[in-house]
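Student: I would like a close look at one part of this model, namely the strands that pair with one another and the charged contacts around them. Please take it strand by strand and keep it plain.

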Amino acid sequence: MILTVGDEVQSFDYDPDIDAVNVMTVHASKGLEFECVFIVNCVAERFPTRQRKDKIPLPEKFIHEKLPEGDFHLQEERRLFYVGATRAKKYLFLSAGEDYGGKRCKKLSRFILEFLNNPALIKEKRKLTGLEKIERFRPIKLARPRKSKGTLPAKLTQAQIDDYYTCPKKYYYSNVIKIPLPVNWHFMYGTAIHNAVGRYFEKKMRGKKTTLKDLICDFEKSYDNEGFITREQEEIRRHTGIETLKRFFRQAQKDDFIPDAVEKKFSFQIGGVKISGRYDLVKTQNGQTEIFDYKTSDVENQQGATRRINQSTQMVVYALSEFLANGKIPKTTLVFIESDLSASKIFKPEKLEETKKMILDVAEGIKNENYQSKPDIRTCSWCPFNGICAEAKK
Ligand code: SF4
């Protein structure tokens, strides 16, 4: 529907910690998993789409690669359907309508028929009845926008707290007016590395071995070419990812610890606001719990890694969460997977108290709709809205 009204479906806004329906293309869902997935528009000429010929076809003599045999477009669409269907952890819904505005009803997608292997579902194309055509003009009941000013947000994710604390205007752009961002390869690349590392530790936790080939295969499964400007750029990044994972693998093979949890969800309450998020990895050794977060962003040296953890609102929120749950302050560790560096910290009790206050201030600011910008050269240089923000410091 979003595409029908001429808008774009972006995946960048996807945040696994926000309990919400995510609307995205099948391409953008690559590498992600959800409890429940709906694949809509499973009708002929929509999924699979009708093949569109290139406006200026490239003569075959200029194509040096071996072209695939058979109906390449259909095979690609079938692969895409497979990607969409395998995103579901528990429930998969395939939906199809009959009336998409044409004179005739749409036929069910051949992929549904193949998937369910049920010939009884095959129906002939038929003309719409007069009543069905009139139904198209039934008035639509629009939901009233929710009034939120003056009330504390019921829930906040750790990422939203981080956004608001860094710059309230950034929170406003991403969470209030929800400005869509262009597909970004950094996000895709980070997710692909993250998924591969996550699977490695999940298997380790279950007592299963992962080979380097498995690890790279998990990375490739989530890797996509969206957001890259050139093929060369994409290949360089793919190569960097594989080299990074090789280094990670060599190091991880030497560590004999078994994680307590991978991608562990957490939540706690502060002043009536539910804070939620997830830890990448948790381990306990000699009675000390350690929470890890894996980053694909680069740091140049140990000093840079230490500075990052000292300034990290993310890690101090993790520490607070664990402290409120178990009464012990955990060790927190940031691992910069590309630079092969890490930094650890055990936050002091005073810092956790300050963090509680910071969270309350953030919630109050959102309640009062205070979205005053906090421009700063460093923050603005990383901010995805610096191209449109009038207050950006450059
Ligand atoms: S560009 Fe700077 S001032 Fe603007 S929203 Fe981002 S961080 Fe805030």
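Tutor: Of the 394 residues of the protein, 38% count as buried. The model is a predicted one. Its secondary structure comes to twelve helices and eight strands, and the C-alpha atoms fill a box of roughly 70 × 55 × 45 Å along the principal axes.

Start with strand β5, which covers residues 273–285. Ten of its 13 residues are buried, so the strand is largely enclosed by the rest of the structure.

β5 pairs with β3, β4 and β6, taken here in turn. Strand β3 (residues 155–157) runs parallel to β5, and three bridges join the two. Within this pairing, Lys155 has Lys274 of β5 as its bridge partner.

Strand β4 (residues 261–270) runs antiparallel to β5, with nine bridges between them. Here the bridge partner of Lys265 is Arg278 in β5. β4 and β5 also make a hairpin in which two residues lie between the strands. Gly271, in that turn, has a positive phi of about 55°.

The pairing of β5 with β6 is antiparallel too, and it consists of five bridges. Thr284 stands opposite Thr289 of β6. This pair of strands again forms a hairpin with two residues between them, and Asn286 in the turn has a positive phi of about 50°.

β6, spanning residues 288–295, leads on to β7. Six bridges join these two strands, which run parallel. Lys295 of this pairing has Phe336 in β7 as its bridge partner. Lys295 also forms a salt bridge with Asp293, and the closest N and O atoms of that contact are 2.9 Å apart. Both Lys295 and Asp293 are buried.

A general point applies to the residues of such strands: in a regular strand, side chains alternate between the two faces of the sheet.

Next comes β7 itself, residues 331–336. Five of its six residues are buried, so β7 is largely enclosed by the rest of the structure. Besides its parallel pairing with β6, β7 is joined by five bridges to β8 (residues 341–345), and this pairing is antiparallel. Thr332 stands opposite Lys345 in β8. The hairpin of β7 and β8 has four residues between the strands, and Asp340 takes a positive phi near 60° there.

Glu338 forms a salt bridge with Arg237, with the closest N and O atoms 3.5 Å apart.

Arg238 forms a salt bridge with Glu220, where the closest N and O atoms are 2.4 Å apart. Arg238 belongs to helix α8 (residues 231–254) and Glu220 to helix α7 (residues 212–222), and the two residues are 18 apart in the chain. Glu220 has a relative accessible area of 29%, so it counts as partly exposed.

For the structure as a whole, a search finds 23 salt bridges. The contacts described above are among them: Lys295 with Asp293, Glu338 with Arg237, and Arg238 with Glu220.

Lys103 sits in the loop between β2 (88–94) and α2 (110–116). Its relative accessibility is 69%, so Lys103 counts as exposed, the cut-off being over 50%.

Pro180 lies between α5 (168–176) and α6 (185–205). With a relative accessible area of 47%, Pro180 is partly exposed. Its C-alpha atom is separated by 27 Å from that of Arg52, which is 128 residues away along the chain.

Terms used:
Residues are numbered from 1 along each chain as its sequence is written. This is a predicted model: local features need pLDDT of at least 70, side-chain atom pairs count only at pLDDT 80 or more; totals for chains, interfaces and linings use all residues. Side-chain values use heavy atoms; hydrogens and water are left out. Buried means under 20% relative accessible area, exposed over 50%, partly exposed in between (1.4 Å probe, protein chains only). Two strands pair if DSSP finds at least two bridges between them. A salt bridge is a side-chain nitrogen of Lys or Arg within 4 Å of a carboxyl oxygen of Asp or Glu.
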